[in-house]
Number of protein chains: 2
Amino acid sequence: MKKYKVIFLPDQKETEVDEETTLLEAAKKAGVYLNSLCGGEGVCGKCRVQVIKGKAKVDKNSIAFFTKEEMEKGYVLACQTRVKEDLEVLIPPESRLEEEQILKESIESKQKTWRESPPIHYSEPDWVSLHKRPNDPASLFEPLASKIYIDLPKPTIDDNIPDTGRIVRELRKKLKYPSYEITFSCLKDLFIKLRRSDWKVTVTLSRHNDVGQVLQIEEGNTADRNYGAAVDVGTTTVVAQLVDLKTGKVMGVEGNHNLQAHYGEDVLSRIAYVCGKGSLDHLQKAVIENINMLIQTLAKAKGIKIEDITCIVAAGNTTMSHILLGLMPCSIRDDPYVPTVDLYPPILAKEIGVTINAQGIIQVMPSIASYIGGDTVAGVLACNMADRPEMTCLIDIGTNGEIVIGNNEWLLSCSASAGPAFEGGDTKWGMRATRGAIQKVKIDGGTVIYETIGKDKPRGICGSGLIDLIYELARNRIIDIDAKFGSSLQDKRLIRGENEMEYIVAFPEETETGETLVIGQTDIDNIIRSKAAIFAAIKSLIDYAGLSFDQLEKIYVAGGFGNYLNVEKAIGMGLLPDIPRERIEFVGNSSLMGARMALLSFHVFEKAISISQSITHIELSKFALFADEYMASLYLPHIDRERLFPSVKF
Amino acid sequence: MKKYKVIFLPDQKETEVDEETTLLEAAKKAGVYLNSLCGGEGVCGKCRVQVIKGKAKVDKNSIAFFTKEEMEKGYVLACQTRVKEDLEVLIPPESRLEEEQILKESIESKQKTWRESPPIHYSEPDWVSLHKRPNDPASLFEPLASKIYIDLPKPTIDDNIPDTGRIVRELRKKLKYPSYEITFSCLKDLFIKLRRSDWKVTVTLSRHNDVGQVLQIEEGNTADRNYGAAVDVGTTTVVAQLVDLKTGKVMGVEGNHNLQAHYGEDVLSRIAYVCGKGSLDHLQKAVIENINMLIQTLAKAKGIKIEDITCIVAAGNTTMSHILLGLMPCSIRDDPYVPTVDLYPPILAKEIGVTINAQGIIQVMPSIASYIGGDTVAGVLACNMADRPEMTCLIDIGTNGEIVIGNNEWLLSCSASAGPAFEGGDTKWGMRATRGAIQKVKIDGGTVIYETIGKDKPRGICGSGLIDLIYELARNRIIDIDAKFGSSLQDKRLIRGENEMEYIVAFPEETETGETLVIGQTDIDNIIRSKAAIFAAIKSLIDYAGLSFDQLEKIYVAGGFGNYLNVEKAIGMGLLPDIPRERIEFVGNSSLMGARMALLSFHVFEKAISISQSITHIELSKFALFADEYMASLYLPHIDRERLFPSVKF
């Protein structure tokens with residue numbers, strides 16, 4: 001097969017590929033990471049690139065994504081275009097994944113970059129104590145892996161029980177487990193370790209049900225060196241906290257973009273990759289590389305040895321959890337949405353290629369259903385919802401909205417397929433909340449005031465920007481209650497685009513690409529459908545429970561854009577219920593916090609299992625009233641504005 | 001390094017070895033198996049060979065083992081003699097291990113050979129039921145690995161719990177475990193297995209504490225194909241029974257000689273090998289080869305697949321159990337005699353290289369102390385000692401004598417180092433109970449009547465033959481009550497040997513080697529010390545418990561020569577207590593029987609654990625009265641004959 005050279009600009013990255021290779025694959029091979037929401041299916045139009053030298057074979061169907069002018073300039077979809085000769089390809093800013101840039105940075109500069117560019121929210125790395133949150137239920141500090149130093153009495157002819165019995169006898173004096181098991185791997189060199197160390201050893205224990213399991217026996221006293229990691233395995237980003245398991249203190253935190261993005265940006269496209277032409281192994285290896293990189297970086301920065309990390313708790317949605325463990329996620333996608341497992345067995349980290357202590361374990365947070373995962377269970381833990389009599393609600397807004405309401409007596413959950421509108425998909429200028437994204441918008445008269453992440457020139461609009469924008473368009477009567485542009489309106493920013501009406505958010509001279517940044521009627525419709533799905537889901541759960549919104553003491557908002565959301569505007573456009581604003585609390589990465597709490601307390605982890613098994617999960621698709629609620633929510637803020645959104649004024 | 005050719009006769013086996021290689025190692029390399037009680041230390045004198053061509057370098061210390069005449073004929077100790085040029089070496093019959101010959105035989109002829117040559121005792125292979133023995137406590141049939149066929153209801157949107165939950169829900173209907181765990185290895189392809197099999201699968205379960213552990217999930221109904229193996233891992237022989245785990249029936253049995261014999265014949269010489277110049281790995285691999293060969297032979301003979309064998313229960317002494325699992329046995333040998341472990345964790349058979357089902361488990365019978373192993377615990381199970389109010393006693397006579405007494409309220413154990421006299425060591429003409437061994441002896445006047453195994457010409461005397469011989473010598477007053485030859489006696493068979501008095505058992509024309517088969521005073525002394533150690537141990541336990549012998553309802557005699565022992569003579573020479581003869585029962589391979597009972601019943605296995613943990617083990621070395629008992633037992637039958645052996649008449 002013929003080979004051709006492809007050079008990617010502006011980075012001058014070069015690679016050689018077989019004829020017929022797609023530009024998306026060629027880019028991956030060259031180490032250039034392109035946006036690809038659909039995973040290379042040619043339907044999202046996010047992997048736009050410009051062929052500036054040489055000819056490529058373009059799939060006809062992809063033409064619909066471009067104007068004539070663009071086509072003449074050589075714009076193509078990378079995933080639908082195949083190499084036919086040597087090429088030079090320019091990656092426009094909007095098609096780049098930030099990833100590459102981030103991963104290459106040194107620890108020092110990365111820290112800085114993360115603070116500027118906000119997709120990843122985490123607690124401060126400075127020795128946050130376990131009990132930082134007042135309602136943190138981790139009252140019983142008992143890490144999932146703990147180290148106990150024991151100084152054994154030497155055997156004599158009057159006391160010649162086996163070595164294992166001697167160890168267990170000593171552990172019984174210090175701990176309270178009904179029984180103990182010493183794993184086979186510990187036995188192999190136990191004979192020599194005990195005698196060489198003069199009977200002074202440190203035992204690493206985990207607890208499984210009521211059994212104390214001895215994972216490791218080290219010579220001498222190493223009890224001071226016991227670390228764990230809490231990992232939030234997000235579809236977009238992976239974040240790890242390094243925790244001192246002796247003190248419970250957080251030592252550091254690092255994040256990176258989920259390397260699975262090469263194979264599709266959202267959960268459904270990754271499932272499609274695994275269950276179609278792709279391989280589970282690729283995705284599993286990708287996320288494990290994420291975790292290994294984070295752990296290595298953290299260990300290096302804090303001067304600790306990888307071998308002293310004995311336990312990981314990972315929280316992710318059900319698909320991420322399955323892929324992490326190498327389990328097929330295919331049945332998650334299809335009706336009736338059945339995952340393989342909800343209670344993930346504890347395994348040795350090395351079994352899946354995660355490099356910590358050779359006997360270190362990884363425990364994945366239990367999930368509830370195909371679209372309510374361990375990240376939500378972790379959120380319930382972090383918000384202490386299951387241990388208080390007050391009625392509270394957790395809303396995690398992403399491509400899927402996950403909603404939990406309840407208290408210490410019962411919990412209800414559901415998930416709503418919101419679509420990727422709030423995460424940069426489904427809209428022409430939508431983008432992730434990275435540098436250059438418009439995150440805040442205000443419209444006054446004919447003036448649009450916006451703020452971008454990193455104060456850069458706008459490259460697109462992220463979720464919080466879109467929410468602001470829709471609210472502002474409605475407040476300024478540029479769109480009506482049914483979210484349609486008023487056709488009779490006179491506004492210099494309202495223009496007739498190729499197929500539909502568009503509103504200019506930024507003029508060419510303002511933007512990074514020099515193009516006009518607009519929001520069209522289709523974009524607005526997509527956003528409205530997303531917010532309607534989420535609000536209808538919340539409303540359905542509230543109705544199912546026989547409650548009204550004002551009975552909610554708290555609404556916890558989790559997820560990527562939580563901290564940057566303007567509550568007033570989110571309520572105003574009908575995304576969040578109209579309750580007193582002080583009852584709405586942003587909890588940031590509650591998945592990571594819940595994972596850390598479980599890492600630090602076996603009892604919290606048991607609570608997580610109990611939550612996952614006792615929660616009542618509602619499948620909205622079989623909940624008759626959801627469709628009506630959804631239809632009623634396709635308005636700004638809602639068709640029943642008087643009753644449901646009395647405080648919204650515009 | 002120079003290489004030389006060594007040819008071993010009479011088999012014409014040839015090998016090439018480096019200069020300075022010992023003849024013992026060369027023989028091993030050539031596939032010729034020599035006796036070696038001491039493991040190549042040059043102290044047992046069992047590996048005699050005759051160099052008939054070429055010169056070898058002989059260690060001076062080994063000269064003591066040979067007469068001048070023998071030395072002139074080229075007799076040397078193989079372990080103390082090194083190759084210096086090309087050699088031809090003749091292996092005399094008494095130095096050959098039978099092993100090689102046995103392992104090469106086909107299944108049909110082996111079966112025959114085993115029946116003729118009796119080192120291995122086992123129940124008949126013809127479908128022996130679980131409850132063959134009336135006192136068999138295996139009343140609750142629940143194999144350690146069982147298969148359950150389940151036909152799962154297909155998931156619907158109203159019933160879309162995870163696949164694992166669906167399986168567990170169905171298992172709960174059929175079984176009674178409080179909880180279930182599905183091992184990680186089962187999850188990997190569960191998604192596809194369930195759907196491909198139309199939700200009809202067979203689950204292989206083991207029970208660990210109160211948890212039902214799913215080891216394997218197979219498509220379709222395979223519940224009829226579930227087999228297990230009970231294995232007695234003896235120091236000398238390894239015996240395996242193939243058991244149908246669905247019905248509990250024994251399908252077949254096979255035995256072979258423990259291949260570890262290459263590295264030393266008894267437990268202490270093997271420990272010396274492992275903890276000295278040798279390697280644990282060699283010994284572990286050897287016994288695992290034994291087990292794999294037995295299982296393959298049994299599976300082939302019965303037409304079953306190795307993959308359908310899901311569980312093994314192995315019983316052996318503490319050293320054999322440690323080596324099987326790859327655990328260092330060094331501390332077992334030295335005061336204060338501490339093994340690494342008594343409760344062996346269940347492991348996957350493949351973890352140690354035993355080839356059965358990939359998820360099949362191996363469970364080693366728990367041991368009590370360094371010299372009371374899982375074989376004894378199995379014996380206690382087989383004799384149902386721990387569940388009956390009657391006081392009984394189990395005596396297992398080998399290089400170590402293991403003794404247990406007690407009932408359903410308490411159990412006492414001890415072990416006595418008897419030396420290898422009853423197993424062919426420590427006496428000039430002693431040999432294992434294999435072909436050509438004198439196993440029965442009667443002396444009348446000047447006539448010696450003997451019977452050999454296989455009716456061959458005598459090659460030596462095995463344990464039961466030695467017991468008969470000592471009794472007969474005493475009965476005929478050829479030796480006195482202090483076990484010394486009466487110097488004044490006139491008997492044509494009583495001769496003055498090189499250093500001491502000897503009694504001719506067989507004249508040169510009767511024996512296979514053409515040599516005179518004698519028993520010397522040193523031989524007799526060694527046998528008396530062995531029997532004294534065992535009797536004193538029994539007596540010490542009885543005294544410790546405050547009992548007398550007549551309170552024993554039963555004495556079970558286990559071990560290699562049990563079935564061939566003449567009770568009257570064993571009592572007469574003071575080895576067994578003088579109780580009514582019908583109370584003495586030979587139980588043959590009670591280790592194998594106990595292992596099978598545990599294989600077939602989780603409850604029996606739990607009983608084994610409880611026995612190993614609750615038994616009171618007495619270290620005779622710290623039991624003050626043992627030394628006195630031992631001294632008093634160095635007589636025929638005992639110094640206190642009137643009180644302890646009233647029925648012995650000679």
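**Reading strands, burial and an interface: a tutorial dialogue**

Modeller: In this predicted model, B:Thr392 is buried, with a relative accessible area of 1%. The residue belongs to strand β18 of chain B, which covers residues 392-397.

Biologist: Which residues is B:Thr392 in contact with, leaving aside its neighbours within four places in sequence?

Modeller: B:Thr392 is in contact with B:Met385, B:Val404, B:Ile405 and B:Gly406, and also with B:Leu552, B:Lys554 and B:Tyr556.

Biologist: Does B:His282 count as buried, partly exposed or exposed, and why?

Modeller: Buried means under 20% relative accessible area and exposed means over 50%. B:His282 counts as partly exposed because its relative accessibility is 37%. Its place is in helix α9 of chain B, residues 280-302.

Biologist: Which residues does B:His282 contact when its neighbours within four places in sequence are left aside?

Modeller: They are B:Tyr263 and B:Tyr273. With B:Tyr273 there is a polar contact of 2.7 Å between the side chains. Separation in sequence and separation in space may also be read side by side. B:His282 and B:Gln260 are 22 residues apart in sequence, and their C-alpha atoms are 8.1 Å apart.

Biologist: How many of the residues of β13(B) are buried?

Modeller: The strand spans residues 237-244 of chain B, and 8 of its 8 residues are buried.

Biologist: Which strands pair with β13(B), and in what sense?

Modeller: Strand β12 of chain B, residues 227-233, runs antiparallel to β13(B) and is joined to it by 7 bridges. B:Tyr227 stands opposite B:Asp244 in this pairing. Strand β14 of chain B, residues 250-257, also pairs with β13(B) in the antiparallel sense, over 7 bridges. Here B:Val238 has B:Asn256 as its bridge partner.

Biologist: How many residues lie between the strands in each hairpin?

Modeller: The hairpin of β12(B) and β13(B) has 3 residues between them. The hairpin of β13(B) and β14(B) has 5 residues between the strands, and in it B:Gly248 takes a positive phi near 85°.

Biologist: How is the size of an interface given?

Modeller: It is often given as the accessible area lost when the parts come together. Chain A and chain B bury about 3400 Å² between them, with 63% of it on carbon and sulfur atoms. A:Ile157, A:Phe184 and A:Phe191 supply 20% of the area that chain A buries against chain B, more than any other three residues. The contact takes 41 residues from each of chain A and chain B.

Biologist: How many salt bridges and polar contacts cross the interface of chain A and chain B?

Modeller: The rule finds 2 salt bridges there. One of them joins the side chains of A:Asp158 and B:Lys622 at 3.2 Å, N to O. The interface also has 18 residue pairs in polar contact.

Biologist: Which elements and classes of residue make up the side of chain A that touches chain B?

Modeller: Elements that each supply at least two residues include α5, β9, α6 and α11 of chain A. The largest share, 3 residues, comes from α7(A). By class, this side of chain A has 22 nonpolar, 9 polar and 10 charged residues.

Terms used
Residues numbered from 1 in each chain as written. Chains lettered and ligands numbered in written order. Predicted model: local features only at pLDDT ≥ 70, side-chain atom pairs only at ≥ 80, totals over all residues. Heavy atoms only, no water. Buried < 20%, exposed > 50% of the residue type's maximum accessible area, 1.4 Å probe, protein only. Helix = DSSP H or I, 4+ residues; strand = E, 2+ residues; numbered from the N terminus. Pairing = 2+ DSSP bridges. Contact = heavy atoms within 4.5 Å. Polar contact = N/O pair within 3.5 Å; in protein donor to acceptor, adjacent residues only side chain to side chain. Buried area = accessible area lost by both parts, 1.4 Å probe. Salt bridge = Lys/Arg side-chain N within 4 Å of Asp/Glu carboxyl O. Nonpolar A, V, L, I, M, F, W, Y, C, P; charged D, E, K, R; others polar.
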